Amino acid sequence: MSEPKIVLEAKGVTKQFPGVLANDNVDFDLRKGEIHALLGENGAGKSTLMNLIYGLHHPDKGEIFVNGKHIAIHSPNDSIAAGIGMVHQHFMLIPVFTVAENVMLGDETTKRGSLDRVAVAAKINKISKQYGLDVDANALVGPLPVGIQQRVEIVKTLYRNAEIVILDEPTAVLTPQEAEDLFRIMRDLTARGVSIIFITHKLKEVLAVADRITVMRAGRVINTVKPSETDSAQLANMMVGRQVILTVNKKDHEAAEEILKVEGLSVRDQRDLETVHNVSFTVRGGEVLGIAGVQGNGQTELSEALTGLRSPTSGKVTIGGKDLTGKPPRIITEAGLAHIPEDRQRHGLVLSYTVADNMALCDYYQIPFSVRGVIQPKALDENSRKLISAYDVRTPSPFVNAGKLSGGNQQKVIVARELSRGNVKLVVANQPTRGLDVGSIEYIHSEIIKMRDRGVAVLLISAELDEIMALSDRIAVMYRGQIVAIVDSKKTTREQLGLWMAGAHVEPA
Amino acid sequence: MQTEKQSISLTKKILQAISDASLIPFLAILTAVVLGGIIIYFVGGNPLLAYRGLLEGAFGSTKALSETAVWATPYIFAGLAVALAFKGGLFNIGAEGQLAVGAVFSALIGYALPEWLGFDLPTIIHLPLAILVGMLMGGLWAGIVGWLKAYTGGHEVINTIMMNYIALNTTSFLLNGIMKDRSPTNVIARTPLIAESARMPAIFDGLRVHWGFILALLVAFFIWWLLNKTTLGFEIRTVGLNPDAAQYAGINVKRTIILTMALSGMLAGLAGSIEVTGLNYRHELGFSIGYGYDAIAIALLGKSHPLGIVLAAFLFAAMRNGASRMQFLTQLPVDLISMIQALILLFVAADAIIRYIYRIKAKGERVVLTRGWGG
Ligand SMILES: Nc1ncnc2c1ncn2[C@@H]1O[C@H](COP(=O)(O)OP(=O)(O)OP(=O)(O)O)[C@@H](O)[C@H]1O
Ligand SMILES: [Mg+2]
């Protein structure tokens with residue numbers, strides 16, 4: 001059988017941002033009905049390439065062809081007209097609108113001058129059924145889980161008759177189950193002739209679903225391969241340009257005295273539902289306690305209550321012997337907390353501040369960053385240069401706004417800031433490596449282990465079972481707001497953890 | 001050599017930033033002036049003569065310059081008040097009321113304090129005290145709104161408007177009642193003249209421009225320094241840009257909201273105090289109609305940057321001050337000036353129109369609607 005025809009082709013695409021050559025003479029093509037995965041380090045230029053194809057940025061050089069025809073893309077309107085749809089790393093939905101209203105936004109169907117919601121809803125439900133998307137056209141978008149919101153974005157592209165769908169890191173926010181569902185949907189789509197560009201950092205996913213894999217590094221395409229001809233180690237090597245150790249090396253731990261002690265903690269979320277019930281555990285200096293669990297089982301509220309972002313309804317939190325229950329973040333931070341928050345753009349960064357300012361976001365008021373109420377730009381500058389090089393943050397300078405960095409590099413700014421602060425006794429790391437490339441994950445894992453070996457207590461909350469298994473000394477499983485099991489990580493298996501996470505009542509082996 | 005290269009690119013960047021920031025306001029002004037000219041032409045005036053009159057009236061003589069500076073003074077203070085609140089993520093529509101509160105209290109200290117004490121005070125004490133009390137009362141007035149926002153979630157736009165009504169009606173009550181100028185010839189709602197010791201001297205003999213103008217420029221610089229160079233400014237801006245991140249960073253968000261609003265009110269109060277101590281030597285009902293509202297326009301036009309605000313305040317002052325000369329030369333109604341001001345604002349606020357006319361691409365961050373995954 002001959003190769004399917006090429007539906008999308010980028011030739012010699014180049015894009016220069018101030019201080020960064022984000023795309024350097026990139027050639028890329030997509031065949032009809034294939035899933036083409038795009039891999040690369042943080043800041044390699046993947047999102048940029050997609051934004052160029054979608055018309056959000058304009059290439060300095062190069063051309064884009066759809067179905068063999070050269071097209072000039074000035075804005076997303078042009079790319080949508082050419083049959084291209086994109087689901088961004090950031091969703092672009094309006095929470096107070098229904099699914100149907102969101103979908104028709106910008107392409108409103110009207111009947112005698114007013115919106116024809118009925119016709120739109122019917123079309124959405126048809127698309128939803130056809131591709132097994134299971135989206136209700138009349139539901140409000142705000143309360144929908146992320147996984148469903150993402151499907152709304154997919155519906156939006158299909159509604160506009162997209163034949164080429166770009167998915168930029170769609171699985172970063174999904175639970176493993178939601179990711180499986182997404183892969184099924186992607187296969188359904190390709191079976192019906194839709195072609196997909198799929199960006200991810202998870203090598204396993206790439207090997208499982210992609211038909212072809214293109215690897216980018218520093219703005220250039222390194223290679224395009226078939227999954228059958230490669231493996232994780234080789235892909236990692238191509239991405240980073242060196243050998244990556246995909247497993248974590250850690251010595252046996254000598255846990256010291258208790259640092260974090262949580263007793264009978266209950267927390268309510270913003271809808272006033274109790275999402276953490278009567279949780280108790282301890283973390284000792286020199287150990288990593290991993291909290292495993294499907295997202296949405298109370299992990300967010302638990303970490304917010306521990307870090308002062310939310311007041312618990314009952315229970316007690318002590319850090320280093322000090323009762324810090326319900327205290328504000330400043331007090332807890334000064335008692336020795338480092339917190340890598342779950343939502344980096346909401347809590348972790350001020351996007352329109354420079355990298356240098358963001359790297360001092362929690363101790364800007366202390367010497368050397370402030371002296372008698374006056375900010376010391378020099379100290380901010382020195383601090384950020386040190387952290388940028390230590391954590392390999394890809395940024396043209398410390399004075400670039402954090403919002404201009406690639407997603408993974410934004411995460412690195414936060415991790416660098418938190419792990420480097422003096423007097424840290426406890427690290428609460430919530431999804432610390434979400435959206436990071438394998439090389440950066442390797443580095444951050446080794447930093448977390450270094451903290452542990454220095455006698456710091458680490459509470460690791462992660463949706464990645466692999467990450468939990470690799471880093472933790474003990475593992476607690478959270479299910480429906482309760483800790484259903486705490487086990488030694490050496491004495492358990494993925495399968496057993498999986499059962500607990502699904503709510504099964506099993507005794508530890 | 002590394003640092004030299006960096007400093008060159010830094011100055012280049014700063015120049016670039018300035019031209020980026022002022023491009024839209026500049027084009028908005030230009031477009032409004034052209035449109036205004038067309039309108040003047042159609043109502044039967046001579047646009048060139050009209051604009052000549054405007055310029056002459058605003059800058060044509062030492063007296064004209066002095067009067068422009070006199071107009072600009074309250075505009076600068078009140079514009080800074082609105083801008084500071086903007087930086088802290090708050091919309092202070094209440095500058096008008098805070099200004100009245102400041103003026104009333106400065107006037108009271110100015111005329112009544114010596115009576116209460118039974119002896120005269122030296123200027124060095126009386127004048128600063130009059131200004132300080134007016135400023136602090138303006139801050140207190142706005143601080144109440146900040147407190148309501150922080151602790152009850154009451155929206156500052158609604159509450160500052162309500163506080164405006166209270167302030168303006170109370171002022172009217174006081175100026176017609178216990179604070180009224182009791183001199184036999186007076187029929188107007190105004191306070192007695194303040195004591196000589198509470199008056200700010202003029203800078204030059206024979207011109208009305210007073211030291212309050214210099215103070216306004218110094219305060220503009222101070223606010224720039226406060227916002228950009230101090231720990232407190234960092235906190236105000238962080239709360240304004242991302243309150244969730246501010247909370248995470250350990251900033252006391254509630255306290256910062258109250259403080260920002262109070263500081264904003266202090267600046268608006270200063271506008272009133274300085275008008276009383278520097279220019280009118282009393283508070284009179286209706287002297288300030290609209291300063292507080294023009295201030296919102298000035299803050300927008302100046303992009304909430306203190307330097308931008310000084311420039312925008314001058315533009316507004318020049319238009320107000322030049323209007324009568326324009327009218328004299330062309331017999332056009334002064335209302336045309338208000339219309340041109342309104343056009344400028346319209347174009348600044350709806351900058352999409354300007355971008356469209358001049359084909360400028362939007363820069364900067366896209367709007368985040370729901371939160372997906374950053375990158
Ligand atoms: N709007 C922008 N302005 C300036 N620089 C930018 C802008 N967008 C991206 N960059 C820079 O371009 C480079 C490529 O960024 P891009 O977002 O394409 O990376 P990515 O491969 O998607 O990375 P990640 O995996 O972290 O999402 C980065 O160095 C980034 O700092
Ligand atoms: Mg990206």
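Let me start with Phe221(B), which sits in helix α7 of chain B, the helix that covers residues 211-229. In this predicted model, Phe221(B) has 13 other C-beta atoms within 10 Å and is therefore partly exposed. If you look for Tyr41(B), you will find that 180 residues separate it from Phe221(B) along the chain, and that the C-alpha atoms of the two are 41 Å apart.

Staying with chain B for a moment, I would like to point out Ser304(B), whose phi is positive, about 60°, although this residue is not a glycine. Its place is the loop that connects α11 (291-301) with α12 (306-330) of chain B.

Now to the contact between the two chains, to which chain A gives 44 residues and chain B gives 23 residues. On the side of chain A that touches chain B, the elements that supply two or more residues are α10 (329-334), α11 (344-348), β20 (374-375) and α14 (407-420) of chain A. The largest share of that side comes from α11(A), with 5 residues.

Let me move on to chain A itself, and to helix α4, residues 117-130, which has 14 residues and spans 20 Å from its first C-alpha to its last, close to the 20 Å expected at 1.5 Å a residue. Which residues of α4(A) are buried? They are Val120(A), Ile124(A) and Ser128(A), and when one looks down the axis of α4(A), the buried residues fall within an arc of 70°, so they line one face of the helix. After α4(A) comes Gly132(A), which has a positive phi, near 60°.

Turning to the strands, I will take β15 of chain A, residues 288-292, where 5 of the 5 residues are buried, so the strand is largely enclosed by the rest of the structure. Both of its faces are covered, in that Val288(A), Gly290(A) and Ala292(A) are buried on one side, and Leu289(A) and Ile291(A) are buried on the other. What does β15(A) pair with? It runs parallel to strand β22 (residues 457-461) of chain A, to which 4 bridges join it, and within that pairing Val288(A) stands opposite Val458(A). There is also a parallel pairing, over 4 bridges, between β15(A) and strand β23 (residues 474-479) of chain A, in which Ile475(A) is the bridge partner of Gly290(A).

Elsewhere in chain A there is an open sheet of 4 strands, in the order β2-β1-β4-β5, with antiparallel pairing. The edges of this sheet are β2 (20-31) and β5 (69-71) of chain A, each with a single partner strand, so one side of each is left without a neighbour in the sheet. From one strand to the next, the twist averages 25°. Inside the sheet, strand β1 (residues 6-17) and strand β4 (residues 61-66) of chain A run antiparallel and are joined by 5 bridges, with Leu8(A) standing opposite Val66(A) in β4(A).

I will finish with two backbone details in chain A that deserve a look in the viewer. Asn278(A), in strand β14 (residues 274-284) of chain A, has a phi near 50°, which is a positive value in a residue other than glycine. With 14 C-beta neighbours inside 10 Å, Asn278(A) counts as partly exposed. The other detail is the peptide bond from Ile367(A) to Pro368(A), which is cis, with omega near 10°, and Pro368(A) lies in the loop between α12 (355-358) and β19 (370-371) of chain A.

How values were computed. Residues numbered from 1 in each chain as written. Chains lettered and ligands numbered in written order. Predicted model: local features only at pLDDT ≥ 70, side-chain atom pairs only at ≥ 80, totals over all residues. Contact = placed C-beta atoms within 7 Å. Expected span 1.5 Å × (residues − 1). Buried ≥ 20, exposed ≤ 12 C-beta atoms within 10 Å, placed from the backbone. Arc of directions from axis to C-beta. Pairing = 2+ DSSP bridges. Axes fitted to C-alpha atoms, helices over the stretch in contact; angles between N-to-C directions.
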